[in-house]
Amino acid sequence: MPAVTPQILVSDKCPTNVDVTTVLVPVWGAEAPADKKSEDAPKPALPESKALSCMAEGMGLPIYAIAAEEKFTGTLAKTLVFRMPESTDHKIKRVVLLGLGEAKKLTLGKLTMAIASGLKAIQGWDEDLQKVGISLPKPYELFGGSLHTAEPLKTSITTEEITLAVTRGVFAVTYKALEAKKPAKPFAKLVYLTPEVATVEQTLPLAIALNEGRSLTKDLVNMPANTKTTQSLVDAAKSIADEFASVDITVVDDVAWIEKEMPCFYQVARGSVATDPPKWIHLVYKGANPTRKIALVGKSVIFDTGGYQVKPGDSMVTMKGDMAGGASVLGTLRTIAKVAPAHLELHVFLAATPNKIDSDAMVPDSIVNTTCGKTVEIRHTDAEGRLTLIDAVTLACKQEPEAIVTVATLTGAAMMAVGRTIALMSNCPVWGDLVHAGAVVAGEPVQALTVTPEDFENIQSKAEGADLRNTNKGRTRGAQTAAAFVMEGADEGVPLVHLDIAGADMTDDEKATAYSVGSLVHFLLALPAQK
Ligand code: BES
Ligand code: MN
Ligand code: ZN
C-alpha cells in the first residue's frame, strides 16, 4: 500500500539551529469572554516551550505583542502566521502559532485535530517552506477527563501520547485516498522539537506503524464500490502476510466449504456467489514468545444493499464502507506485525461477502443453521452483519483465544445513539474496560453501552424450529440486541468485546476515519506479557 510515510526527525536544539524554514508552535489558549471588549481579552498563555523561548529571546521576537495586536487568544485550532525578518543567522521564514484552547479541556483527539489544521495551512506553501519544525507541547495534567467518556479515565497526558497524537495529525494531513486525482505528498521535512528526545524517538516507530496501519484501513474503506470485491480484502491480507514473516494467512474460497461450515454467513453470500463469491480469511501474527492470545473479527460486508428488504434511496449511500470492521482489523494486524511485540499471538478473521440479490439470495422467514448449532429465523435481510459474525466468532473460538474483539458497522441504532463515536459493548466488563482504555490512549472517541440479559431475551425467536431471530422485537436497543446476537456465537465463558463503528467509520463528508485501529493496537500492546 503506498501510504506516504514522512521522514520525521527529533531535536532538542533551538529551532534557529535546526534546518527548518517554518516552525509550528502550539499555544495554550485563554478564550476571551464574549461580552468583554477586545482590549480586555486575556493574553494567550504561552507554553513553556524551549522552541518559543529560543526564538523569542534569541531573535528578539515580540510574540506576546504580536499575538495581542492580532487578537490571537489561542482558540483551539486557530492559527496566527507571521513572517520572520530576514537573517543570516537562521533559516526560519515563518512562525505559526497554533491555538490549543484551554489546557484543562484539551484531549488527545483535539490535539490531533489542532495539529492537523495547523499543518493544513502550511501544506499549501511551496516546498522550501514545508521544512517544518513542530514544537511538541509539554506533558500536562488533565482535569476534565477524556472526550466522550463519563469517567475521567485519564488524568494526564504523557510525552508518548503527545508524540502519537501529533503524528496522527501529520498523517491526517498527508493522507489521500488511492483514487484521489492528486496523489498524497509528504512534507519536505519534519522535525519534532522537544527536550524529551529519547522518549519521542522511542515512540516514533509505533506512531508511524500505527498511522501506516490506519492508512491501509482508510484505503480499503475509501475504495469505490464498483472496484471493491471480496478479493480486494484477500489481496490486502496477502500483502501483509507477504511483507511479514511473522504473519501467516489462510483463505478459504471454496463456497461448498463455506455453505457447510459457516451456514449462516453463507446465507448472506447466496445473493452474489456468481458475481463476487465469499471468502473466509484468517491471519495470524505470532510474536517471538507469545503468552497472550487474542482474536479480532471484522465485519466485511463488501457492499450492503440490504438484500431483498432493500435499503431505501439514500440509506444505501456509504454502504461501500460496510467492510470497515474487516479493514480495521487488517490495519491493526499490519501495525502489530510492524511493531512486533514478542508476547502476542493475534488471530484476525474476516468473513467477506457483499449483501446483494439474485434469484438465490436469502429471503425473510427462512430458518437457517449456524456454525455454533443454534438456528436463526431470518426476519430481515438487511440485518446481515450479525449473520456473518455469529459464525466467524464460533470459528474464532476454535483457536482458544483469551478474548475476542468484534469490530463492525453493525447498526444504524449505534449511530443514532453515539454519533461518530465507537459504541463499545461487552459480555465481560474487565475486557471491555481494557479495550475502552486503549481507545482513550488512542484519542479515538468511544462510549460504552451495556448489553443486558433482556437483550438476549429479546432476540429469542418465537418461530418453531428457530432459536434466535436476527432482529430485535420492538424499536429500541437495536445496537445492544445486535451485539447480543453476535455474542451468541461465542463459546461459553469466552470474553467478547464488540465495537459498533456504524457511526464512527466515516466523517460527515464520508471519508474513512480508521477509528478502532488505534483502540485495538493500544489495547493489545498494553496487555502484560504475563497474565
Ligand atoms: N450496515 C448496516 C448498519 C449501518 C447503518 C452502518 C448505517 C452504517 C451506517 C447494517 O447491516 C444494517 O443494515 N442494519 C440494520 C438492522 C435492522 C434491519 C435490524 C439497521 O441498523 O437498520
Ligand atoms: Mn444491512
Ligand atoms: Zn450491513
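Which helices each supply at least two residues of the lining of the second largest cavity? Keep that in mind as you open this predicted model.

**Stop 1: the cavity**

Select helix 3 (108-123), helix 4 (159-174), helix 5 (197-222) and helix 12 (429-442). Each of these helices gives at least two residues to the lining of the second largest cavity. Now colour helix 4 on its own. Helix 4 provides the largest share of that lining, four residues.

Next, show Leu-164, Ala-165, Arg-168, Val-441 and Ala-442. Among the 13 lining residues, these lie nearest the centre of the cavity. The space inside is about 70 Å³. By class, the lining has six nonpolar, four polar and three charged residues. In total, the model has five cavities of 30 Å³ or more.

**Stop 2: the ligand**

Select ligand 1. The second largest pocket holds ligand 1. Show the 16 residues around ligand 1; Lys-311, Asp-322, Asp-382, Glu-384 and Gly-412 come nearest. This shell divides into four nonpolar, five polar and seven charged residues.

Then highlight strand 11 (292-304) and helix 11 (412-418). Both elements supply at least two residues each to the shell around ligand 1.

**Stop 3**

In Asp-304, a side-chain N or O atom is 2.9 Å from an oxygen atom of ligand 1. For Asp-382, the distance from a side-chain N or O atom to a ligand 1 oxygen is 2.8 Å. Glu-384 also has a side-chain N or O atom 2.8 Å from an oxygen atom of ligand 1. Finish with the surface: ligand 1 taken alone exposes 520 Å², and the protein buries 80% of that.

Key
Residues are numbered from 1 along each chain as its sequence is written. Chains are lettered from A and ligands numbered from 1 in the order in which they are written. Side-chain values use heavy atoms; hydrogens and water are left out. A residue is near a molecule or strand if one of its heavy atoms lies within 4 Å of it. A polar contact is a pair of N or O atoms within 3.5 Å; within protein, one must be able to donate a hydrogen and the other to accept it, and residues adjacent in sequence count only if both atoms are side-chain atoms. Accessible areas come from the Shrake-Rupley method with a 1.4 Å probe; for residues, only the protein chains shown count as cover. On a 1 Å grid over the protein atoms alone, a cavity is a set of points where a 1.4 Å probe fits but cannot get out, and a pocket is an open set with protein on both sides within 12 Å along at least five of seven lines; lining residues have an atom within 4 Å of a point. A molecule sits in a cavity or pocket if more than half of its atoms lie within 2 Å of its grid points. Ala, Val, Leu, Ile, Met, Phe, Trp, Tyr, Cys and Pro count as nonpolar, Asp, Glu, Lys and Arg as charged, and the others, Gly among them, as polar. Grid points are joined across faces, edges and corners, and a volume is the space filled by probe spheres set on the points.
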